[in-house]
Amino acid sequence: MTLTLMIERKLKRIFKVLKGTYFTISAKGSPWEKSYWDKEFYLEGISDAKTISSKKSEYSARYHYASTEMQIYRYFVNHNAASPASILDYGSGAGHWIDFYRDLGAETAGGIEISEKCVEHLTHKYKETPKTTIWHGKIHEVLETQVTTTFDLINAIGVLFHIVDDNELIQVLKLTYEKLNSDGLFVIGGNFGLWPMNINTQVKFGRILNKRLRSRWWWTRELKKVGFRDITIYRNIGYAFIKDRTPENSILVCRK
Ligand SMILES: C[S@@+](CC[C@H](N)C(=O)[O-])C[C@H]1O[C@@H](n2cnc3c(N)ncnc32)[C@H](O)[C@@H]1O
């Protein structure tokens, strides 16, 4: 049973890569605009499950987040990493990762979100929580104009593949390096495939391009160019064992 499920999931991933290759070659869709997240994505409230999709079940979402958390714990244990005192989270959604690092001991936390609905949700959620700042806007714009401090750890899970312009993403990587304390960690969640792929994999409603996957070779090259070192990738194949579609969210961690 499990083997059949795994094979089915793997075949679906292969199909996704082939479809993405077609989307990329045919230049299908236009990059999402800021209003997309509030007007076309977050139509049924804000929660961990809704950051995956409006119809995702609570159990699928919990499974997905737990499988991702395991990879972060794995990194912390295997690298004897110190608990970060200050963290910044990109594309915070419902605030799952802010809560996660706060539970690990972070005293100062920041979140950057482009969705006004998420910003409203997060501002309300953390109104009584000391030393927590929520910024509204695109990651690179907020980093350039509003974030004046540096952090022990910057987290970007399930968000950087939504930056479909390679130059914008490279700008985010450079600014992230600047906003980290020395030896600080950058934790990225996404798909770091082996195939030589830099492809647009999701075109919503046949017109809105909102996901671009880059290979692990792309990530390693660009992170090193910016100055990051000690790049570790932990594959998360949790998605292959569940009868539902959840994002892959493997984990890449590197150090300033
Ligand atoms: C798939 S959700 C993931 C949410 C959260 N990181 C999590 O794992 O629970 C992606 C989130 O990133 C936000 N987002 C996408 N692109 C962004 C950008 N360039 N700047 C800021 N936020 C962005 C979206 O509004 C959305 O809430």
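Colleague: How many bridges join β1 to β8, and which way do the two run?
Modeller: Two bridges join them, and the strands run parallel. This is a predicted model, and in it β8 covers residues 208-214.

Colleague: What stands opposite Pro31?
Modeller: Leu209, in β8.

Colleague: What sheet is that part of, and in what order do the strands come?
Modeller: An open sheet of three strands, ordered β1-β8-β7, with mixed pairing. Its edge strands are β1, residues 30-31, and β7, residues 198-204. Each of those two pairs on one side only.

Colleague: Which helix lies across β7 and β8?
Modeller: Helix α1, residues 2-25. Helix α1 runs at about 90 degrees to β7.

Colleague: Switching to the other sheet. What is the strand order there?
Modeller: Seven strands, in the order β4-β3-β2-β5-β6-β10-β9. That sheet is also open, and its pairing is mixed. From one strand to the next the twist averages 15 degrees.

Colleague: And β2, how does β2 pair with β5?
Modeller: In the parallel sense, over three bridges. Within that pairing, Asp89 stands opposite Asn155 of β5.

Colleague: Which helix packs on the sheet, and what does the helix touch?
Modeller: Helix α4, residues 58-78, touches β5, β6, β9 and β10. The direction of α4 makes about 30 degrees with that of β10.

Colleague: Back to β2. How many bridges does β2 have with β3?
Modeller: Five bridges, and β2 and β3 run parallel.

Colleague: Is β3 enclosed or open to the outside, and why?
Modeller: Five of the six residues of β3 are buried, so the strand is largely enclosed by the rest of the structure.

Colleague: Now the ligand. Which residues come nearest?
Modeller: Gly91, Gly93, Ile114, Ser115 and Gly158, out of 20 residues around the ligand. The elements that give two or more residues to this shell are α3 (48-52), α5 (96-103) and β3 (108-113).

Colleague: How does the shell split by class?
Modeller: Nine nonpolar residues, eight polar and three charged.

Colleague: You mentioned α5. Which of the residues of α5 are buried?
Modeller: Trp97, Ile98 and Tyr101. Seen down the axis of α5, the buried residues fall within an arc of 105 degrees, so they line one face of the helix. As a rule, an α-helix has 3.6 residues a turn, so residues three or four places apart point the same way.

Colleague: What covers the buried residues of α5?
Modeller: The cover includes β2 (86-90), β3 and β5 (151-157).

Colleague: Anything about the backbone just after α5, say what phi Gly105 takes?
Modeller: Gly105 takes a positive phi of about 120 degrees.

Colleague: Last one, Phe241. Where is its place, and is Phe241 buried or exposed?
Modeller: Phe241 is in the loop between β9 (229-234) and β10 (250-255). Phe241 counts as exposed because 12 other C-beta atoms lie within 10 Å, and the cut-off for exposed is 12 or fewer.

Methods:
Residues are numbered from 1 along each chain as its sequence is written. This is a predicted model: local features need pLDDT of at least 70, side-chain atom pairs count only at pLDDT 80 or more; totals for chains, interfaces and linings use all residues. Two strands pair if DSSP finds at least two bridges between them. Helices (H or I, at least four residues) and strands (E, at least two) are DSSP runs, numbered from the N terminus. Two residues are in contact if their C-beta atoms, placed from the backbone, lie within 7 Å. Axes are lines fitted to C-alpha atoms, for helices over the stretch in contact, and angles run from 0 to 180 degrees between N-to-C directions. A residue is near a molecule or strand if its C-beta atom, placed from the backbone, lies within 6 Å of it. Ala, Val, Leu, Ile, Met, Phe, Trp, Tyr, Cys and Pro count as nonpolar, Asp, Glu, Lys and Arg as charged, and the others, Gly among them, as polar. A residue is buried if 20 or more other C-beta atoms lie within 10 Å of its own, exposed if 12 or fewer, and partly exposed in between; C-beta atoms are placed from the backbone. The arc is that of the directions from the helix axis to the C-beta atoms.
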